[in-house]
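Please keep the sequence and the model open beside you as you read.

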Amino acid sequence: MFDVTVSGRVAKNPELKDLGDGKKACNFTIANKDYHNDTTNWINCSAYGKKAEFISQCISKGDLVVVKGFGLNREEKKEDKLMYYFRVNVDEVIFPTSKNTSNNESNSSKEI
């Protein structure tokens, strides 16, 4: 595990799942532009418990967010090919600006 900070736009609305016994998980993806290679990185993110419930209600597709947490790598064999996956286990989400912010408004950030 290692610390990760990633910024980008939420690619689709978060998905809240009930894990049983009152436990919740929220999964969402952030689109992060790689300007050096002119590509987009798709970063999968997961949050759990009360944080999952809160995130599922507070972020939506297109929101600009900064996610802090720890990175998890895993590999899986599919059809005789080794696939590598990366996921951020979310500790904190920051909203650096609103997607409706005009140039006249301040760029205050909100943390959850």
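This is a predicted model: local features need pLDDT of at least 70, side-chain atom pairs count only at pLDDT 80 or more; totals for chains, interfaces and linings use all residues.

Let us begin with Asp63, which sits in the loop between helix H1 (50–58) and strand E5 (64–78). Asp63 is buried, because its relative accessible area of 12% falls under the 20% cut-off. A polar atom of the Asp63 side chain lies 2.8 Å from the backbone nitrogen of Ser60.

Most residues other than glycine have a negative phi. Asp38, although not a glycine, has a positive phi of about 50°, and Asp80, also not a glycine, has a positive phi of about 65°. Asp38 belongs to the loop between strand E3 (23–34) and strand E4 (39–48), while Asp80 is found in the loop between E5 and strand E6 (81–95). Asp38 counts as exposed, and Asp80 is exposed too.

Now for the cysteines. How many disulfides does a search of the whole structure find? The search finds zero. For Cys26, the nearest cysteine sulfur is that of Cys45, 9.4 Å away; a disulfide needs the two sulfur atoms within 2.5 Å, so Cys26 is in no disulfide. Cys26 is buried, with a relative accessible area of 0%, whereas Cys58 is partly exposed, at 31%.

The relative accessible areas are gathered here for handy reference.

| Residue | Relative accessible area | Class |
|---|---|---|
| Asp63 | 12% | buried |
| Asp38 | 59% | exposed |
| Asp80 | 72% | exposed |
| Cys26 | 0% | buried |
| Cys58 | 31% | partly exposed |

Methods: Residues are numbered from 1 along each chain as its sequence is written. Side-chain values use heavy atoms; hydrogens and water are left out. Helices (H or I, at least four residues) and strands (E, at least two) are DSSP runs, numbered from the N terminus. Buried means under 20% relative accessible area, exposed over 50%, partly exposed in between (1.4 Å probe, protein chains only). A polar contact is a pair of N or O atoms within 3.5 Å; within protein, one must be able to donate a hydrogen and the other to accept it, and residues adjacent in sequence count only if both atoms are side-chain atoms.
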